[in-house]
Amino acid sequence: MKIQLYNTLSHSKEEFKPIDEKEIRIYSCGPTVYSYAHIGNLRTYIFVDNLRRIFKYNGYNLKHVMNITDVGHLTSDADTGEDKMEKAARKEGKSPYEIADFYTKVFMSDMSELNIDMPNIISKATDNIPEMIEMVKEIIKNGYAYETSNGIYFDVTKLEKYPRLSNNKLDNQEAGARVEVDPEKKSPYDFAIWIKAPENHIMKWESPWGLSYPGWHLECSAIGRRFLGKHFDIHTGGVDHIPIHHENEIAQSIGATGQIPANYWMHGEFLLIDGGKMSKSLGNVYTLRDLKEHDIEPLAFKLFCFSAHYRNKLNFTYDGVKAYQTALERLREGYKKHLLGKDSADKTKITEYEKRFHEAINDDLNMPLAMGIVWEVIRESNKSIEYAKLIEKFDEVLGLDLKNYKKYEKKTEITDEVLELVEQRKKARSEKDWKKSDELRDKINSMGFIVKDTPNGMEVEEK
Ligand code: AMP
Ligand code: ZN
């Protein structure tokens, strides 16, 4: 079945055509590991998880690469401000490497809690310094960059077209947000690919241009090329990457190799909080830990993300997401009922469900439509293991780990009352009062617990 994807590069939905049928090559911009990932960041990785899983569902093999930004991402996204890693290091009184190590681990654990299918290769920017220096040399050699006292700048006027992704003409762009007036730059839109390190910059490397460090955009161009070659299938990120980061990645790759590195550029829309942007000053930069404190499972947040198409904004409120915690529990319950069901399933319906689900996901990842079909299967009045198997198949795309529903069952606390009855039963048995022991067992059962006599003594658990 054909796969349609929206391509930011062509501003249209296109039929996906792989470069190599045997293996699809995808590059995803990864996290800047200076802090906990917020739920907006996580929405973007959930979108990428869907993409991966949909390709696998369609029988493709993947080579998927993601970077970890541990140097060079300045607070402005462009050429100005402090390096986010160094700023965090100063604040927390640690080295930037310690900060990167800690938040990378947290990120991996978030991915695992969201049951996100991880890329085959995850590579840190700081592990790619020679590749980046090499790329800067090539860009200079090809006449696309020049040196100033601050670093090496990409000369956008040398390109046939810039920008390519955002429909914007340069004149229409927000000059203040994007451009810092620097008299040494030939054009205000030129950007740093390699930055000469000020005295107090901790992360810096020897290079032909002195002690310096890479620009954020350069790492993705270099890591993509190192692992996927100079031309691969798909490049992903959030919509905020369109006007600066991805625009500049394309410019650099053209400067070095003469090619736009990927055929399809896909971008996930933003998650809004209470209708607005997340911001530290509003105190609404939520993480998975905050959600868990509100009894929202990470997978309920994932399910919540499926309520909107990845190219539409999604508004997060705690009340809104709570409904998806309930929905997740109902989904598990419904799957379990089918799994234990003894009815037979309608084979024609199964084929029809499969077709509709497949069409929905192949239509530019239409997860809200796909979820509607999942619910129809759940609601089938005939409870059949065949429907359970169908849901398991759909879950290869959803990644909600439904098969392991038992793992997520909430353990009810054993009440003091039950514990007291267990003690009484122990006493009755030691006194060989079997009648009383049985009565007490029945009473414990009636309270929703089972008492078992094991070689290690009496054990009590939820029914
Ligand atoms: P960062 O760690 O800042 O480099 O961002 C990681 C990813 O999260 C990038 O792909 C961003 O585009 C994306 N992102 C940032 N804010 C949001 C948001 N509010 N909603 C969705 N994605 C976001
Ligand atoms: Zn990137």
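Which residues lie nearest the centre of the largest pocket? Of the 43 residues that line this pocket, those nearest its centre are Tyr34, His38, Asn41, Lys84 and Lys280.

## About the model

This is a predicted model, in which local features need pLDDT of at least 70 and side-chain atom pairs count only at pLDDT 80 or more, while totals for chains, interfaces and linings use all residues. Residues are numbered from 1 along each chain as its sequence is written, chains are lettered from A and ligands numbered from 1 in the order in which they are written, and side-chain values use heavy atoms, with hydrogens and water left out.

## Domains

The chain is divided into domain 1 (4-268), domain 2 (284-408) and domain 3 (416-462), with bounds that come from an automatic or database domain assignment. The centres of domain 1 and domain 2, taken over C-alpha atoms, are separated by 32 Å. Between these two domains, 28 residues of domain 1 are in contact with 37 residues of domain 2, where contact means heavy atoms within 4.5 Å.

## Nonpolar cores

A nonpolar core is a set of buried Ala, Val, Leu, Ile, Met, Phe, Trp, Tyr and Cys residues joined through side-chain atoms within 4.5 Å. Buried here means under 20% relative accessible area, exposed means over 50%, and partly exposed lies in between (1.4 Å probe, protein chains only). The largest such core has 75 residues, and those with the most contacts inside it are Phe55, Phe301, Phe316 and Phe357. Helix 1 (residues 39-57) provides the largest share of this core, 10 residues; helices (H or I, at least four residues) and strands (E, at least two) are DSSP runs, numbered from the N terminus. Because domain 1 (4-268) and domain 2 (284-408) both give residues to this core, it lies between them.

A second, separate core has 55 residues, among them Val136, Tyr144, Ile193 and Met203.

On a 1 Å grid over the protein atoms alone, a cavity is a set of points where a 1.4 Å probe fits but cannot get out, whereas a pocket is an open set with protein on both sides within 12 Å along at least five of seven lines; lining residues have an atom within 4 Å of a point. Grid points are joined across faces, edges and corners, and a volume is the space filled by probe spheres set on the points.

Of the 15 residues that line the largest cavity, Phe47, Asn50, Cys305, Ala308 and Tyr310 are the closest to its centre. Helix 1 gives the most to this lining, with five residues, and the lining draws at least three residues from each of domain 1 (4-268) and domain 2 (284-408). By class, the lining of the largest cavity has nine nonpolar, four polar and two charged residues, where Ala, Val, Leu, Ile, Met, Phe, Trp, Tyr, Cys and Pro count as nonpolar, Asp, Glu, Lys and Arg as charged, and the others, Gly among them, as polar.

## Open pockets

The largest pocket has a volume of about 1,500 Å³. Helix 2 gives the most to its lining, with five residues, and helix 1, helix 3 (96-113), strand 10 (232-238) and strand 12 (271-273) are among the elements that each supply at least two. Sorted by class, the lining of the largest pocket has 17 nonpolar, 16 polar and 10 charged residues.

The second largest pocket holds about 260 Å³ of space, and of its 16 lining residues Gly81, Ile195, Pro198, His201 and Tyr213 are the closest to its centre. Strand 8 provides the largest share of the lining of the second largest pocket, three residues.

## Backbone details

Most residues other than glycine have a negative phi, and most peptide bonds are trans. Tyrosine 162 and proline 163, however, are joined by a cis peptide bond, with omega of about 0°, and proline 163 is found in the loop between strand 7 (151-154) and helix 5 (175-178).

Histidine 11, which is not a glycine, has a positive phi of about 55°; it lies in the loop between strand 1 (4-7) and strand 2 (12-15) and is partly exposed, with a relative accessible area of 32%. Aspartate 295 has a positive phi near 60°, is placed in the loop between helix 8 (288-293) and helix 9 (298-305), and counts as exposed at 61% relative accessibility.
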